[in-house]
Amino acid sequence: MSENTPAALVLEDGRIFRGEAYGKVGRTLGEVVFTTGMTGYQETLTDPSYHRQIVVQTAPQIGNTGWNDEDDESARIWVAGYAVRDPARRPSNWRSRRSLDEELVRQEVVGIAGIDTRTLTRHVRELGAMRGGIFSGPELGTDEEMITAVKAGAEMVGASLAGDVTTAEPYVVPAIGEKRFTVAALDLGIKSNTPRMMAERGIEVHVLPLASTLDQILAVGADGLFLSNGPGDPATTDAQVELTRQALDRKLPLFGICFGNQILGRALGRGTYKLQYGHRGINIPVIDAETGKVAITAQNHGFAVEGEPGEHFDTDFGRAMVSHHCANDGAVEGLRLLDGPAFSVQYHPEAAAGPHDAAPLFDKFVDLMSEAR
């Protein structure tokens with residue numbers, strides 16, 4: 001931590017939190033959101049879905065286990081900025097290779113430490129996620145200058161960000177053991193653990209760029225299509241929605257996670273909207289409408305699909321239903337096409353760092369492809 005280097009986290013409504021620089025000294029802008037996970041900060045920081053967001057950790061102590069070379073969920077840190085209360089002075093873990101502060105500096109991530117993250121979280125929870133900025137060292141200005149800079153930042157509504165995080169070239173994650181299926185995974189911001197969990201089930205995963213066409217998907221011999229998680233406003237994904245509709249027309253087995261759930265929702269004729277402060281953390285309860293069972297899930301999304309818990313509705317592809325909803329606020333957490341081989345969830349069954357209640361959804365995808373054969 002850059003001790004004694006003053007820093008400020010500034011919100012667009014004029015609220016200012018002052019602390020010390022953590023990570024790179026400088027300036028960054030983004031949407032200020034909070035995540036409730038007490039573990040898994042490395043997975044959070046490298047999740048592409050956090051692109052252009054300043055992440056506030058509600059857990060007060062961060063950095064205890066340092067930074068290792070195994071737990072990244074992508075090739076880099078994607079958060080725009082990082083806010084913590086009490087960073088570890090010395091990491092302690094047998095896999096640690098360097099401190100969290102060192103990694104933030106190495107990847108040029110501007111952060112702030114020593115602020116009251118509980119008060120900041122309550123403020124965002126009550127007033128909603130909003131634009132913000134972290135300013136430290138020479139970048140610190142007057143209150144008016146910093147607030148003006150924050151207000152000039154881009155809104156998350158209408159933001160098309162998946163193109164920033166998608167793979168530039170296709171790549172293949174081979175099946176572990178005997179190959180059973182081939183899946184084309186549309187990379188909207190995919191996490192490393194997703195193809196890994198498919199590979200464990202005998203799936204060869206072809207990770208394809210955002211702009212891939214149905215012909216390119218079929219060219220890899222896909223038994224199924226996977227729509228990954230990712231950042232930004234789902235209202236900006238018209239091309240991917242059309243691709244999904246083409247796949248549904250062909251009755252190609254389809255599974256979507258998070259951003260993929262919103263794209264499937266749009267393909268089925270539903271609208272999307274921005275949540276007040278989103279769902280971010282690893283302790284969010286989700287109810288299965290058919291069984292009533294509750295799963296504790298990992299989530300990271302600021303938008304949701306329109307719908308009511310357990311609702312059945314008609315689509316261009318037959319009947320569908322809202323299969324899951326959030327126990328906290330009733331938001332749609334899953335969709336299922338009743339007359340076709342397609343389903344999606346708003347949460348993260350790959351859940352690197354846990355929990356693992358939803359991992360069997362990958363088995364459900366395997367079952368869909370088996371039935372289609």
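The model is a predicted one, in which local features need pLDDT of at least 70 and side-chain atom pairs count only at pLDDT 80 or more, while totals for chains, interfaces and linings use all residues. Residues are numbered from 1 along each chain as its sequence is written, and side-chain values use heavy atoms, with hydrogens and water left out.

Ten helices and 20 strands make up the list of elements in the chain; these are DSSP runs numbered from the N terminus, with helices (H or I) of at least four residues and strands (E) of at least two. The radius of gyration is 21 Å, which agrees with the value near 21 Å for a compact globule of 373 residues; the radius is taken over C-alpha atoms, and the globule rule is 2.2 Å times the number of residues to the power 0.38. Along the principal axes, the C-alpha atoms fill a box of roughly 65 × 40 × 35 Å. Of the 373 residues, 58% count as buried (under 20% relative accessible area, with exposed meaning over 50% and partly exposed in between; 1.4 Å probe, protein chains only).

Beyond its neighbours within four places in sequence, Leu-268 is in contact with Leu-248, Phe-313, Thr-315, Phe-317, Ala-320 and Leu-337.

Eight of its nine residues are buried, so H9 is largely enclosed by the rest of the structure; the buried residues include Phe-259, Ile-263 and Leu-264. Just after H9, Gly-269 adopts a positive phi of about 95 degrees.

Arg-52, with phi near 70 degrees, sits in the loop between helix H1 (41–45) and strand S4 (53–57) and is partly exposed, at a relative accessible area of 24%. Glu-108 has a positive phi of about 60 degrees in the loop between helix H2 (100–106) and strand S8 (110–113), and its 56% relative accessibility makes Glu-108 exposed.

Terms used. Contact = heavy atoms within 4.5 Å.
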